[in-house]
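The sequence and the structure are shown first.

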Amino acid sequence: MLKTPAYAAESAKAPLVPFSVERREPGPSDVLIDILYCGVCHSDIHQARDEWGGSTFPMVPGHEIVGRVARVGGSVTRFKVGDAVGVGCMVDSCRECAQCRTGEEQYCDHGAVMTYNGRGRDGTPTQGGYSTLITVDESFVLRIPESIPLDRAAPLLCAGITTYSPLRHFGLKAGDKLAVVGLGGLGHMGVKFGKALGAEVTVLSTSPSKEKAAKELGAAHFAATSDKDTFKRLAGQFDVILDTVSAPHDYNAYLSLLKVDGTMILVGAPEAPVPLAAFSLIARRRKLVGSLIGGIRETQEMLDFCGEHELASDIELIPIQKINEAYERMIKGDVRYRFVIDIASLR
Ligand code: NAP
Ligand code: ZN
């Protein structure tokens, strides 16, 4: 076993503290990765504080992992020592069900093995990327295009694929009017992908101070949701709404902004349910849909798309010692637009 320093939450009420985990020696199809950077996703906070229920502790969060290959098992064909690689939210799945066979492992019938707060197929708890090493089967390792700086690539492994996948799946087209709700880690990638796919993007935000940055990221328009006039002025305007908000909010108000046949995509995962009025959908044949990250093949497609279009995340690099402060700032919406941990601070 390989001992690696890490940061962990020991309970839902405790801050993250220095910790140590053991990684398996690479088996024949495994890649051992020296982690260089790990993005900080709001899902890390939801799970470390057990807001969704069912969390297991101690928990080393982190599923936006980027690093370099340190060692490969004997049957690994796709990677060699030194390659720039990434690991996202999943490290395994059954590989046999209909979803796994079509490359949508995130919807595995037996439950994909999540990178942390999960259980490997051998039953051992999984631990995430707030650590210096990880061993992952090569089928769940992604290649990072040379043109993307590694620290700015890390958030693509979750925030990137979670916004890219539904915009593609639900058919966002050039010329469509897209609203992105919430300008955090996911939201800012939603703006970048929306613009790259040719949509006219509006950011709907609780933070008026983000207007200038929203436009620099590629949004054509910005509207403050604290201004009640926003919901009257923009009623019935959008083809697609991408909702990335991490806290409970009124879905009905946002649905009213869709055109006839418009689609609102939920990717934000607040801990509490929110009432839905049937007429929010019925009155204009609207669709309310959800989407979970994306499969491994599509994650590689998204990374290659970012490489070609020179897209990457806008980040604030932090040492691991600032992780608890970063969580508090994210909860206040004070993030521009993704915290990324410099894992050198843990060595
Ligand atoms: P984040 O960086 O903290 O951004 C969330 C943004 O939501 C905030 O910056 C803020 O933007 C807005 N917001 C926060 N509280 C709000 C409130 N009470 N009302 C309205 N807006 C509010 O979080 P993230 O990492 O992007 O994650 C966002 C959500 O997506 C989380 O719930 C996370 O768990 C979920 N997620 C889902 C998937 C999936 O597969 N579906 C994958 C990853 C993450 P403004 O300041 O612009 O208002
Ligand atoms: Zn995430």
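Domain 1 (2–158 + 294–346) and domain 2 (160–290) each contribute at least three residues to the shell around ligand 1; the domain bounds come from an automatic or database domain assignment. The model is predicted: local features need pLDDT of at least 70, side-chain atom pairs count only at pLDDT 80 or more, totals for chains, interfaces and linings use all residues, and side-chain values use heavy atoms, with hydrogens and water left out. Residues are numbered from 1 along each chain as its sequence is written, while chains are lettered from A and ligands numbered from 1 in the order in which they are written.

Ligand 1 is surrounded by 30 residues, and S205, T206, S207, K210 and R338 are the closest. A residue is taken as near the ligand if one of its heavy atoms lies within 4 Å of it. By class, the shell holds 13 nonpolar, 15 polar and two charged residues. In this scheme Ala, Val, Leu, Ile, Met, Phe, Trp, Tyr, Cys and Pro count as nonpolar, Asp, Glu, Lys and Arg as charged, and the others, Gly among them, as polar. Two helices, α1 (42–48) and α5 (185–196), each provide at least two shell residues, and α1 gives the most, with three. Helices (H or I, at least four residues) and strands (E, at least two) are DSSP runs, numbered from the N terminus.

Polar contacts to ligand 1, meaning pairs of N or O atoms within 3.5 Å, include those made by a side-chain atom of H42, a side-chain atom of S207 and a backbone atom of A269. In H42 the distance from the polar side-chain atom to an oxygen atom of the ligand is 2.7 Å; for S207 the corresponding value is 2.5 Å, and for the polar backbone atom of A269 it is 3.0 Å. The protein covers 90% of the 920 Å² of accessible area that ligand 1 has on its own, as computed by the Shrake-Rupley method with a 1.4 Å probe.

The second largest pocket holds about 570 Å³ of space. It is lined by 22 residues, of which R24, T124, P125, T126 and T135 are the closest to its centre. Strands β2 (16–23), β6 (90–92) and β8 (133–137) each give two or more residues to this lining, and β8 gives the most, with four. The lining divides into seven nonpolar, six polar and nine charged residues.

On a 1 Å grid over the protein atoms alone, a pocket is an open set of points with protein on both sides within 12 Å along at least five of seven lines, whereas a cavity is a set where a 1.4 Å probe fits but cannot get out; lining residues have an atom within 4 Å of a point. Grid points are joined across faces, edges and corners, and a volume is the space filled by probe spheres set on the points.

One cavity of 30 Å³ or more is found in the whole structure. The largest cavity has a volume of about 70 Å³, and its lining residues include M90, L142 and I293. This lining comprises seven nonpolar and three polar residues, with no charged ones.

| Site | Feature | Value |
|---|---|---|
| F57 and P58 | cis peptide bond | omega about -5° |
| R336 to Y337 | cis peptide bond | omega near -15° |
| N117 | positive phi | near 55° |
| E310 | positive phi | near 50° |

P58 lies in the loop between α1 and β4 (65–72), and Y337 in the loop between α11 (323–331) and β17 (338–342). N117 belongs to the loop between β7 (113–114) and β8, and E310 to the loop between α10 (296–309) and β16 (315–319).

Methods. A polar contact is a pair of N or O atoms within 3.5 Å; within protein, one must be able to donate a hydrogen and the other to accept it, and residues adjacent in sequence count only if both atoms are side-chain atoms.
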